[in-house]
Amino acid sequence: MKLTGVNEETLWNGVIAGDQQAFRVLYEASADMLYAYALRYFPDKEMIMDCIHDLFTDLYMQRANLAQQVNIRFYLLVSFRRKLNTSLKKSARFSLPGDMANADNYFQLTFEANDVQSLIIAQEEQQGVMQRLATEMNKLPARQKEILYLKYNCELSYEEVARLMQISVPTCRTLAYRAIRQLRQEMPVTTIPAFSLLLLTCLKNF
């Protein structure tokens with residue numbers, strides 16, 4: 001979700017006030033993020049687009065009841081996940097257990113170093129390092145991938161990630177710690193000083 005040059009508090013206040021321009025800006029900034037997140041669970045693009053449409057319709061219809069102090073990304077992801085869950089329960093097209101609260105292990109995310117747009121991959125040696133990191137990230141369990149994705153790509157706090165995934169904050173932190181520790185252990189010693197930057201660069205591009 002990219003809101004470059006936009007004050008999020010002002011934008012959200014515009015949404016609450018029913019400002020059509022604010023809704024347009026919010027939709028254009030967040031639709032891709034929501035779509036990409038849902039695709040990690042379901043291949044049904046039509047259902048995903050329907051849920052995004054329903055989410056923004058409800059947002060407009062219920063704008064008078066919206067809280068003024070919110071993290072917009074977190075609010076949209078939680079509401080959107082609820083929409084997906086409702087649609088999933090109504091649909092017989094998928095083999096998931098029928099509730100996203102139990103679907104964390106279905107989260108799909110394949111890292112590819114070639115997708116990373118950064119100066120850090122300008123040299124051949126650095127490309128090899130990024131490819132190694134992507135390979136190791138793909139070995140992580142689905143839940144750990146999702147936590148890292150929400151934390152670094154969607155810029156949520158651990159508390160928000162935990163609420164979204166319906167797990168405890170300590171569990172969320174522990175899973176993230178284990179994921180990062182495993183990645184660090186599998187990377188060459190020479191990359192450790194720049195490990196945090198490498199990881200952040202890789203995750204920010206998914």
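## A pocket and its charged pairs

Student: Which helix gives the largest share of the lining of the second largest pocket?
Tutor: A pocket is an open set of points on a 1 Å grid where a 1.4 Å probe fits, with protein on both sides within 12 Å along at least five of seven lines, and lining residues have an atom within 4 Å of a point. Helices are DSSP runs (H or I, at least four residues), numbered from the N terminus. Helix 3 (45-61) and helix 4 (72-90) each give two or more residues to this lining. The largest share, 4 residues, comes from helix 4.

Student: What kind of model is this, and where does residue numbering start?
Tutor: It is a predicted model, where local features need pLDDT of at least 70 and side-chain atom pairs pLDDT 80 or more, while totals for chains, interfaces and linings use all residues. Side-chain values use heavy atoms, without hydrogens or water, and numbering along each chain starts from 1.

Student: Which residue forms a salt bridge with D58?
Tutor: A salt bridge puts a side-chain nitrogen of Lys or Arg within 4 Å of a carboxyl oxygen of Asp or Glu. D58 is among the residues lining the second largest pocket, and so is its partner. Their closest N and O atoms are 2.2 Å apart, and the partner is K83.
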